[in-house]
Amino acid sequence: MTSFYLSNPYQPPQAPQNLPLNEPWALFGGISPDLFMKRYWHKKPLLVRGAIPAFALAAQSDESLDSPISPDELVKLACQDNVESRLVKAGPWSLSSGPFTKKSIPSFNKSHWTLLLQGMEAHHPAAAKILSWFRFIPDARLDDLMISIAGVGGGVGPHFDSYDVFLIQMSGRRQWQISEQKDLSLNPKLPLKILQRFKAEHNWVLQPGDMLYLPPHIAHDGVALDAGCQTWSVGFRSPSFKELLQEGLWSIAESLENIPELEQKFTDPMQRATASAEQLPKELIKQIEVKLRQLKLDQVDHFLPGITAYLSEPKQQVYFDGPSKPLSASQFSKNLGLKKLIPHAQTRILSLGNEVFCNGENMNQGQTKEITNAWQALSAKKVLSPRKIQGVEKSSLYEAYIAGWLIFES
């Protein structure tokens with residue numbers, strides 16, 4: 001049995017994220033990420049045989065490659081409070097949410113059930129590794145990695161997603177039927193979002209190492225053909241403009257506290273007698289228009305910090321534990337010169353120009369250039385290589401470490 005942890009997991013000779021974006025990647029069947037984004041992203045499905053070459057290499061040697069997370073490990077994770085999990089059963093359809101007890105999860109020789117585990121990049125390094133392969137797509141779009149493990153016949157029924165998804169087969173076989181049908185109405189009598197009418201246009205069986213990309217609103221139905229079938233799904237978030245603008249407006253509203261000129265009271269010495277007292281005064285409207293122009297609230301730049309902060313927020317259920325024995329500021333500074341500093345698996349970091357936002361907070365405010373540069377490196381590379389940094393005592397870098405947002409690589 002070949003181990004998952006090859007000298008270079010799954011993608012010899014280089015990890016995909018280190019390869020040029022205009023050169024062919026095995027992950028996309030020999031086309032480049034540039035071409036994938038131009039031809040397929042948000043446009044049409046793509047089936048890739050042997051997207052993870054390590055499976056094919058193992059098969060050539062008459063060996064098999066295990067999924068990096070065993071079925072027993074997944075069952076144990078589904079029993080934990082800090083793991084978002086769901087259990088779907090068919091015939092009749094039912095849906096329940098975890099955490100589960102081990103007895104409540106069907107044995108692998110049973111059929112027509114699926115266990116779904118969200119945010120697995122936070123619970124296993126292999127999931128985080130695979131998620132990192134897709135960083136040619138902006139971090140602001142990336143959501144999480146979900147793992148489904150199923151008995152024979154297991155699935156969640158024909159459905160559609162409102163976001164892009166990469167479906168990677170990791171263990172066993174799964175049959176996928178897809179359709180670009182326009183009728184996406186759901187069956188209101190079922191506990192899951194299952195299509196009322198589904199007419200398959202393509203039928204594929206994915207082997208371990210194969211991958212299927214689906215853009216939003218493509219109807220699909222995946223059914224496990226083997227016990228312990230594992231499919232790893234890389235999903236992308238697609239917030240509404242309502243969400244984005246609300247967050248941008250909240251940020252602007254908070255920033256108004258720091259503008260003394262806005263404390264001035266409205267006055268109207270030019271107001272004339274009116275026969276329409278019920279109407280909002282034109283003079284008030286006029287002066288508000290002037291203030292809005294002065295604040296430049298008609299420019300998108302004023303909304304972007306709040307939107308970036310929002311997109312950098314971790315999921316609602318995420319809870320960070322700080323280090324059990326935190327290093328002092330001086331020890332932290334010494335460690336920076338010796339070890340790599342990396343974000344916690346559930347930490348989100350995004351940049352807006354030179355500004356860096358971590359878990360919803362602007363990490364540049366009031367910081368030295370050294371600290372700002374360190375955050376920019378963490379945002380771009382998701383790792384801060386060993387370096388000497390002065391003045392970390394009250395820095396946002398040290399505070400993020402104390403909060404558990406950043407950790408030293410072991």
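This is a predicted model: local features need pLDDT of at least 70, side-chain atom pairs count only at pLDDT 80 or more; totals for chains, interfaces and linings use all residues.
Two residues are taken to be in contact when heavy atoms of theirs lie within 4.5 Å.

The covering of helix H7 is considered at the outset. What covers the buried residues of H7 includes helix H5 (241-255), strand E13 and strand E14 (355-358). The buried residues of H7 are Gly306, Ile307, Thr308, Ala309, Tyr310 and Leu311. Because 6 of the 8 residues of H7 (residues 304-311) are buried, this helix is largely enclosed by the rest of the structure.

The loop between H7 and helix H8 (329-336) contains Ser312. Ser312 counts as buried because its relative accessible area is 0%, and buried means under 20%. Apart from residues up to four places away in sequence, Ser312 touches Arg348, Leu350, Phe357, Cys358, Asn359, Gly360 and Glu361. Ser312 and Ser351 are 39 residues apart along the chain, and their C-alpha atoms are separated by 9.0 Å.

The chain as a whole has 410 residues, of which 41% are buried. Its secondary structure comes to 10 helices and 16 strands. The C-alpha trace spans about 85 × 60 × 45 Å along its principal axes. The accessible surface comes to about 22400 Å², and carbon and sulfur atoms account for 53% of this area. Of the contacts between residues at least 6 apart in sequence, 76% join residues at least 24 apart. The chain carries 42 positive and 41 negative charges, and the mean positions of the two sets are 2 Å apart.

Helix H9 (residues 369-381) was examined next. H9 has 13 residues and reaches 18 Å from its first C-alpha to its last, close to the 18 Å expected at 1.5 Å a residue. Buried in H9 are Ile371, Thr372, Ala374, Trp375, Ala377, Leu378 and Ser379. An α-helix has 3.6 residues a turn, so residues three or four places apart point the same way. The buried residues of H9 pack against strands E12, E13 and E14, helix H10 (396-402) and strand E16 (406-408). After H9 comes Lys382, which has a positive phi near 60°.

With a relative accessibility of 22%, His344 counts as partly exposed. Leaving aside neighbours within four places in sequence, His344 is in contact with Phe320, Gly404, Trp405, Leu406 and Ile407. One of these residues, Trp405, is 61 residues from His344 in sequence.

Asp164 counts as buried because its relative accessibility is 0%. The side chain of Asp164 makes a polar contact of 3.1 Å with the side chain of Arg141. Not counting residues up to four places away in sequence, Asp164 touches Trp41, His42, Arg141, Tyr213, Leu214, Pro215, Pro216, Val234, Gly235 and Phe236.

His42, one of the residues touched by Asp164, is found in the loop between helix H1 (33-39) and strand E1 (46-48). His42 counts as partly exposed, at 47% relative accessibility. The backbone of His42 has a positive phi, near 65°, in a residue other than glycine.

Some further backbone features concern phi values and peptide bonds. Most residues other than glycine have a negative phi, and most peptide bonds are trans. His112 is not a glycine, yet has a positive phi of about 60°. His112 lies in the loop between strands E3 and E4 and is partly exposed, with a relative accessible area of 41%. The loop between E3 and E4 (113-117) also holds Pro99, which is joined to Gly98 by a cis peptide bond with omega about 5°. Another cis peptide bond runs from Gly91 to Pro92, with omega near -5°. Pro92 is placed in the loop between strand E2 (85-89) and strand E3 (94-97).

Definitions and conventions:
Residues are numbered from 1 along each chain as its sequence is written. Side-chain values use heavy atoms; hydrogens and water are left out. Buried means under 20% relative accessible area, exposed over 50%, partly exposed in between (1.4 Å probe, protein chains only). Helices (H or I, at least four residues) and strands (E, at least two) are DSSP runs, numbered from the N terminus. Accessible areas come from the Shrake-Rupley method with a 1.4 Å probe; for residues, only the protein chains shown count as cover. Lys and Arg count as positive and Asp and Glu as negative; His and the chain ends are not counted. The place of a charge is taken as NZ of Lys, CZ of Arg, CG of Asp or CD of Glu. A polar contact is a pair of N or O atoms within 3.5 Å; within protein, one must be able to donate a hydrogen and the other to accept it, and residues adjacent in sequence count only if both atoms are side-chain atoms. The expected span of a helix is 1.5 Å times one less than its number of residues.
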